[in-house]
Amino acid sequence: MPFNHKAIEKKWRENWEKNPINVNDGKKPKYYCLDMFPYPSGNGLHVGHWRGYVISDVWSRYKLMQGHYVIHPMGWDAFGLPAENYAIKMGVHPAKSTAENVSNIKRQINDIAAIYDWDMEVNTTDPQFYKWTQWIFVQMFKKGLAYEKEFPINWCPSCKTGLANEEVVNGRCERCGAEVTKKNLRQWMLRITKYADRLLDDLDKLDWPEKVKKMQTDWIGKSYGAEVEFPVEGRDESITVYTTRPDTLYGATFMVLSPEHALAAGLATEDNREAVEKYIFDASMKSNVDRMQAKEKTGVFTGSYAINPLNQEKVPIWLSDYVLADYGTGAIMCVPAHDDRDFEFAKKFNLPIIQVIAKDGKEIENMTEAYTDASGTMINSGEWNGMESAVLKKEAPMMIEKRGLGRKTVNYKLRDWVFSRQRYWGEPIPIIHCPHCGNVPVPEEELPLMLPEVESYQPTGTGESPLAGIDEWVNCKCPVCGADAKRETNTMPQWAGSSWYFLRYVDSHNDAELVSREKADQYLPVDMYIGGVEHAVLHLLYSRFYTKFLCDIGVIDFDEPFQKLFNQGMITGKNGIKMSKSKGNVVSPDDLVRDYGCDSLRMYELFVGPPELDAEWDDRGIDGVNRFIKRFWNLALDSRDANVPATPEMIKIRHRLIHDVTQRLESFSLNTVISAFMEYNNKLIDLSKKTGGIDRETIEAFTKLLAPFVPHVAEEIWEQYGHTETVFHEKWPEHSEEAMKDDEVEIPVQINGKTRAVISIASDISKEDALAKGRDVIADRLTGNVVKEIYVPGKIVNFVMK
Ligand code: ANZ
Ligand code: ZN
């Protein structure tokens, strides 16, 4: 029977539709394997999107065959700027374009033949979904975790909206790449900082890539140190600095304040006033990009001095924009001998450098760079001289506190989450502003607060969302006192829905609760989460925060959403260039599926390289896996007809294959699983040339192992072998160590190339043992002078005799 992927795939797709293979019988243990749900963009899917979905489907089917009921849902993260920008350009309502995109992408996703349970499907723009996104906000508001604040936020002048810190990458808008500026705006904020310690500490519980844990740890940025008071000379004021290195206090030879520091202007002496004011003004005109990318340090002397509280030395006070206004206290003590930035600054402005930590107690003459190791002994440090710096680093905060010079502190880089967007296509924030009652949440029974129709989606650029222009929507009554009141017109950020969607899948039709506690207990949390590493900080941190909050208010009983995380690498175009429509290098899966079939594309997606690494796409490689599939198909069907008994060699190959595939699958080395399939297939084909076929049990085991990867072909072969039940209800094969062992092979023993005897040896025998065995059987013929002894492993023994 010739291999025909179209007929086979059609047949099994219909069959699975009628007889679902992944059924919940209430007895099997659950396994929740989740994909990061896509944004339904108008460009459809390319082969890079496929990769993640294939990985997660292979894993899901593997878990299915291990006896689990697998929760494997899919949905749509559909609010956000692209749909809105499209609406602005084309004049199509975002709801309409989103619905079209969803239906197109859903068709493409169905081509993958993943075991998605579409009954669980969610869409973040569906009012029945965002009702709960709003409900969570109301709960946070009631607990004081959502609050209003006016302050200078990151503002993208091109998208005309505020951005969270997480959405600013190297000073640019993550979406459009425009330089981000600051704008003073009234904002809704979420108090994620209240969860900083738990978000940090609980990383230990997770089976996640270390790289991602480190990124989250750095983002939270917890550091221990001290605040130290530096009295200003001749004044009644003091400047508080934040330092993580109070052990270096004797080496603090100057101070730097950020230009935004409250005391900055006031510290300028008469002579320096003009220069100081100019510096402050210039800094305020610079974008963060300019400040961060500045090649050379800039600064200005205020003319004032502070007193180092330890040694009473006078230290000059400078201003510089390398000190950030919103971290620590916005003022630092500078230790040029031990900090790179301070060193650079000291060199540029000719400020003194005093070394206080020395390796082996020796002072460096003419420092050319800062000594930043926190190891060595203290020098030039009064009563601290001779102490180990590492020990002092730990004790110094306490000592400083005891002496009344400052206090021990903990600092975080994490900031509260800027949660409002001045845009249309998002969840309306369910708050009513009442002149008497203040901010009042929309009553829960009135949720969802529907997003109204507007005529113009165009962001106003004034800091108000387009919703502000709809009077009949904005004007409302206060739910508490009945007075005339106004609705909040900002919407939520794109991240709102994706912070909790994974909870909803398991109870997606529930109108009464976000998720019933019964279902939550039964099916959550997520066991395996698969998606791109670009979400390492943003989405994963927000989801963890939401999960902890929902656990705290009793909606769920666990406080980490994703037990295990796998980040797949990106598929790129030629030369590693990201696939994008604008670069014209997008490879669509549609033609490949048509020409080679779903199974071949699935397998090729995995074969292109280690799944965690980026890989360059090259269409031509798909021929190789397609050939493999056809070769196995022929081997399987020919062997079925030949019906040969198992030989020891077949049994050995079978067990080694099971072993290798399972072990590599467990370690997520999916590309090498495919190599194993190919390698063992070649071995079996070679063997079958001698034996006339391969035994049933070996072919059946091979077929089961292939099933998660090439489900249609596997089902067809399984049926061709006379089975009436799906291969996916088979147990995953197990290997036997014993059966994997090498057996004996028969090899000729030659003298000068002529065979004189045949011996049977273990094929992994050592050279010495093989020669010894050979020598034994032909000892009587080895009468002359043996000049060379040759052993070709597993093939021959040859003695060269003169
Ligand atoms: C003296 C010192 C000596 C420092 C030394 C470092 C090394 P993390 O770990 O990131 O918390 N710093 C404090 N506030 C700052 C601000 N607003 N802008 C720029 N830099 C600031 O870093 C804390 C260290 O960064 C602090 O410790 C301070 O410099 C600097 F050998 O104080 B250190
Ligand atoms: Zn009121």
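These notebook entries record what I looked up in the structure.

**Basis.** I worked with a predicted model, in which local features need pLDDT of at least 70, side-chain atom pairs count only at pLDDT 80 or more, and totals for chains, interfaces and linings use all residues. Residues are numbered from 1 along each chain as its sequence is written, while chains are lettered from A and ligands numbered from 1 in the order in which they are written.

**Ligand 1.** I found 17 residues around ligand 1, of which Ser 223, Thr 243, Arg 245, Gly 328 and His 338 come nearest (a residue is near if its C-beta atom, placed from the backbone, lies within 6 Å). Two elements, β11 (238–243) and β15 (331–334), each give two or more residues to this shell; strands are DSSP runs of E, at least two residues, and helices runs of H or I, at least four, numbered from the N terminus. I sorted the shell by class and noted seven nonpolar, eight polar and two charged residues. Nonpolar covers Ala, Val, Leu, Ile, Met, Phe, Trp, Tyr, Cys and Pro, charged covers Asp, Glu, Lys and Arg, and the others, Gly among them, are polar.

**Helices α20 and α22.** I next looked up α20 (residues 648–666) and α22 (residues 696–706), which pack at about 10° with axes 9 Å apart. Axes are lines fitted to C-alpha atoms, for helices over the stretch in contact, and angles run from 0 to 180 degrees between N-to-C directions. α20 is therefore roughly parallel to α22 (angles under 35 degrees count as such). By class, their contact has eight nonpolar, one polar and two charged residues.

Technical notes:
Parallel < 35°, antiparallel > 145°, perpendicular 65-115°, else oblique.
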